[in-house]
Amino acid sequence: MPSPVCRCLEAPASPRRPAALADDLLEEILLRVTCPADLARASAACAFFRRLVTDANFLRRYRSLHPPLLLGFFETVSYGFQPAEAPHPNAAAARSIARPAAGFSFDYLPPTRRNWNPWDACDVRDGRVLLKSSYMGIMAFHFPDLAVCDPLFRRYRLLPPIPDDLLASVHFQQQNFPLFEAFLVPSGEEDDGASFRVIGRAYRAIRSVVFVFSSRSGLWSLGATCDNLNLGSSILLCRCYAYGCIYWKVMRINKLLKLDINRMDFSTVDLPPHYDERDVIVVEAGKGRVGVFSHVKFDTSVYHAIQEKEGDIANVCQSEITTHLPAHYDCCLVDGGAAEGYIFFVGFPKDRSVDAAVFSLQVNTLKIEMVCQTMFQSCYIHSYFGYPPSMSSRSI
């Protein structure tokens with residue numbers, strides 16, 4: 001028999017090294033990570049991932065695609081931050097930022113001036129907290145000191161006072177405008193994530209003068225002025241924002257006061273006749289539609305209507321639907337509490353044997369969910385939305 005032929009076996013070829021993912025392809029993959037906490041974990045995998053995830057352009061795209069997490073609430077600085085609690089799905093992320101090392105005590109701000117109140121939260125938006133300190137005197141009015149903070153990174157920026165020449169340009173006399181509110185303007189798609197604007201409204205009854213601070217210029221400018229608009233001496237309630245406009249419900253009148261931020265002018269919006277005793281929140285309902293939610297204080301029902309076609313707000317309200325709130329609580333609509341597709345209620349237990357609680361109502365699904373029990377004794381609280389710290393870095 002022929003001798004067997006020994007074949008010379010070739011050494012196996014070394015495995016081909018996979019081509020490195022192009023930066024833009026990897027970015028598209030990471031943009032599809034729907035949970036911000038998971039994306040924060042991915043950023044810890046290597047230095048390259050971290051550079052990509054913390055890039056300002058990437059964060060701006062990611063925030064436009066994925067809503068931030070509801071993490072908790074502020075009432076006053078003295079009460080501190082109240083995180084979302086289990087079984088709420090964001091409870092774990094909320095606990096991670098509520099630790100003592102986080103900046104929600106605001107102890108890194110400079111002390112307030114003599115005879116001025118301590119720093120207190122007056123608005124929260126886009127992960128930033130606006131604080132003010134007001135003069136405690138009764139006989140004299142002074143504009144409050146204002147500061148914008150990034151609590152996750154313990155950073156702050158003090159705002160300059162409104163210049164005297166700007167006040168003089170509108171013949172502003174402080175004794176005629178003894179009240180002042182300040183709030184943050186929501187970031188737009190064109191914003192870079194590092195800049196912000198603050199609106200200050202000096203007012204007496206319905207007469208208002210609006211000033212705007214821009215972090216880019218570091219200056220205040222005149223926004224708009226408003227006379228009576230046939231609203232008498234009514235009080236404004238429930239400030240809310242939708243599609244570039246600020247709305248206030250006029251107390252005991254079937255109207256909203258509207259400030260168009262882009263055009264900087266005031267106007268009024270009519271409501272149906274039976275809305276005089278209701279608190280009203282106007283929200284963005286998606287696809288350019290407006291949603292209107294209304295509630296009678298301590299009632300167990302909330303009324304809502306979503307714009308299905310072009311029309312004024314009064315027409316939208318004619319097709320309202322009723323949703324029932326938790327029956328064991330007397331609920332109040334949170335003033336200024338519409339944000340990121342939610343509105344909020346503080347519920348005071350009817351039997352007083354348990355703590356008050358904060359509830360969220362999702363605008364699109366109408367799902368009602370308890371966020372946390374709370375020590376808050378008022379409806380003037382501020383919802384805090386954010387991302388894990390590795391995704392929250394921004395300039396102040």
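**View A. Tyr62 in helix 4 of the predicted model.** Tyr62 lies in helix 4, which covers residues 56-65. Its relative accessible area is 0%, and because buried means under 20%, Tyr62 counts as buried. Leu30 is 32 residues from Tyr62 in sequence, and the C-alpha to C-alpha distance between them is 8.8 Å.

**View B. Helix 2 and the elements that cover its buried residues.** Helix 2 runs over residues 36-43 and is mostly covered, with 6 of its 8 residues buried. The buried positions are Pro36, Ala37, Leu39, Ala40, Ala42 and Ser43. The cover over these residues includes helix 1 (23-31), helix 3 (47-53), helix 4 and strand 1 (69-74).

**View C. Strand 16 and its pairing with strand 15.** Strand 16 (residues 289-295) is mostly covered: of its 7 residues, 6 are buried. Strand 15 (residues 279-286) pairs with strand 16 in the antiparallel sense, over 7 bridges. Within this pair, Phe293 of strand 16 stands opposite Ile281. The hairpin of the two strands has 2 residues between them, and Lys287 in this hairpin takes a positive phi near 55°.

**View D. Strand 16 and its pairing with strand 17.** Strand 17 (residues 301-306) runs antiparallel to strand 16 and is joined to it by 4 bridges. Phe293 has His304 as its bridge partner in strand 17. In the hairpin of strand 16 and strand 17, 5 residues lie between the strands. Phe298 in that hairpin takes a positive phi near 70°.

Key:
Residues are numbered from 1 along each chain as its sequence is written. This is a predicted model: local features need pLDDT of at least 70, side-chain atom pairs count only at pLDDT 80 or more; totals for chains, interfaces and linings use all residues. Side-chain values use heavy atoms; hydrogens and water are left out. Buried means under 20% relative accessible area, exposed over 50%, partly exposed in between (1.4 Å probe, protein chains only). Contact means heavy atoms within 4.5 Å. Two strands pair if DSSP finds at least two bridges between them.
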